[in-house]
Amino acid sequence: MDRVRAAAPQLAGLAPYDPKYVPADAVMSANENPLDVGEDVRRDIERAIRKVSLNRYPDPLANELRDMIAEANGLERDWVLVGNGGDELLFDTALAWGGPGRTFLNLPPTFSVYAANARLTNTAVVDVPRGGAPDFAIDEEAVLAAVGGEGVAGGASGAGAVGGPVDFTIIASPNNPTGLRASQEFMQRLLSATDALVVADEAYFEFSRMTSRPLLEANRNLVLLRTFSKAFSLAGVRLGYILAHPDVIEEYLKVRQPYSVDAVSQAIGRVVYESRAKFEPGIRSIIEERDRVTEALKVIPGVRPYPSDSNWVLFSVEDAAEAWEHLYGRGILVRDFSNAPLLEGTLRVTIGTPGQNDAFLSALRDFCLRKRD
Ligand SMILES: *Cc1c(COP(=O)(O)O)cnc(C)c1O
């Protein structure tokens, strides 16, 4: 056949996820840890991998790793599910709680993967936009109104959406790419206001030192999402997990790919999770550097940094797209949000090593001073 039938209609106009990665001396664009795992941890990883049976399917549920995560969080095994990165668990969320006739409440600007997953699964999307700079604060009353109502007036978009009652929402805390976390009081109010599934995306909670974990037992509709990709330097390995009531985990089990977490990743995850105290100095240094970079950005003419609880700083700069080019020309890759809705004129820099941060600041300073001449 010289032609092919059209793919599913929800794919029309959808662009594949693009991390906008290009090679650079200082990669400060994807919120990764600037440091790889240490030599001692790497040696333990190599030893652990040597013992993995490559000819056998992995434990579908990664139970050994699951038990370690459960114990560290004061929970039983059936409250934990490990996934192929947090991204897989986000997709599973849309499969299990979304679908035709169902509604996802989104709080843009936020992680673009949430809305993309909703579109892929024919889930209607209702937007309650955040306030503007500098805080990009959640419109708490509007969110509570949206989940409280039977059906939502207006704002619905996506596949044949009319906007029924909200079935699930995802609150990134801290929110990527804006930076601040949601308040504990708001999370509690939201969880009490609705039986919709509320996913607290805590991919960066190690940098904000705040978690909704204390709310877990009392709220069956709460899911905490975590990842090994950021604080634990394992973006290349693909491991994430959720903590939730066993009834909720049970629904995820129905939609997940049985062998999505391979045996090598499970072995690496066990070593790194066991060694997680070793990552603490690196996390502390990133938090200190974040505050130093924010202060330094404040005194560059034409630059306005926004407060962050995470491992990046979002900032406005005059001629942002041109500033991105200038930084890239100096070997520094940051993330360009200058044309993204609700984020116009901004760039996001992931906190790197002190040397990378200095190189970034100096290149941006040069760009801005030249503009002023
Ligand atoms: C990085 C990230 C994740 C998870 O990433 P994985 O590498 O798939 O574990 C989840 N949510 C947000 C907001 C992120 O930035």
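A polar contact here is a pair of N or O atoms within 3.5 Å; within protein, one must be able to donate a hydrogen and the other to accept it, and residues adjacent in sequence count only if both atoms are side-chain atoms. The model is predicted, and local features need pLDDT of at least 70, side-chain atom pairs count only at pLDDT 80 or more, while totals for chains, interfaces and linings use all residues. Residues are numbered from 1 along each chain as its sequence is written, and side-chain values use heavy atoms, with hydrogens and water left out.

**Stop 1: the ligand**

Select Asp87 and the ligand. A polar backbone atom of Asp87 is 2.9 Å from an oxygen atom of the ligand. The protein buries 94% of the 380 Å² that the ligand exposes when taken alone (accessible areas by the Shrake-Rupley method with a 1.4 Å probe; for residues, only the protein chains shown count as cover).

Now show the whole shell. It has 13 residues, and the closest are Gly86, Asp201, Tyr204, Thr227 and Lys230 (a residue is near a molecule or strand if one of its heavy atoms lies within 4 Å of it). Colour the shell by class to find four nonpolar, five polar and four charged residues. In this scheme Ala, Val, Leu, Ile, Met, Phe, Trp, Tyr, Cys and Pro count as nonpolar, Asp, Glu, Lys and Arg as charged, and the others, Gly among them, as polar. Helix 3 (residues 85–97) gives the most to this shell, with three residues (helices, H or I, of at least four residues and strands, E, of at least two are DSSP runs, numbered from the N terminus).

**Stop 2: a pocket and two cavities**

These spaces are found on a 1 Å grid over the protein atoms alone: a cavity is a set of points where a 1.4 Å probe fits but cannot get out, and a pocket is an open set with protein on both sides within 12 Å along at least five of seven lines; lining residues have an atom within 4 Å of a point. Grid points are joined across faces, edges and corners, and a volume is the space filled by probe spheres set on the points.

Select Phe205, Glu206, Phe232, Tyr273 and Arg276. Of the 14 residues that line the second largest pocket, these lie nearest its centre. Helix 7 (205–208) and helix 10 (280–298) are the elements that give two or more residues to this lining. The pocket holds about 230 Å³ of space, and its lining has six nonpolar, two polar and six charged residues.

Turn to the cavities: the structure holds two of 30 Å³ or more. For the largest, select Ser173, Ala182, Gln184, Met187, Ala200, Glu202, Met210, Thr211 and Ser212, which line it. The space inside the largest cavity is about 50 Å³.

The second largest cavity has a volume of about 30 Å³. Its lining is Pro301, Gly302, Val317, Glu318, Phe367, Cys368, Lys371 and Arg372. Helix 12 (residues 354–372) gives the most to this lining, with four residues.

**Stop 3**

Two strands pair if DSSP finds at least two bridges between them. Strand 11 (residues 312–317) and strand 14 (residues 346–350) pair over five bridges. Val313 has Val349 in strand 14 as its bridge partner.

**Stop 4: backbone details**

Most residues other than glycine have a negative phi, and most peptide bonds are trans. Select Pro108 and Pro109, which a cis peptide bond joins, with omega about 0 degrees. Pro109 lies in the loop between strand 3 (103–106) and helix 4 (112–120).

Which peptide bond is cis with omega near 5 degrees? The bond runs from Ala133 to Pro134, and Pro134 sits in the loop between strand 4 (124–127) and helix 5 (140–148).

Finish at Lys20, in the segment before strand 1 (26–27). Lys20 has a positive phi, near 55 degrees.
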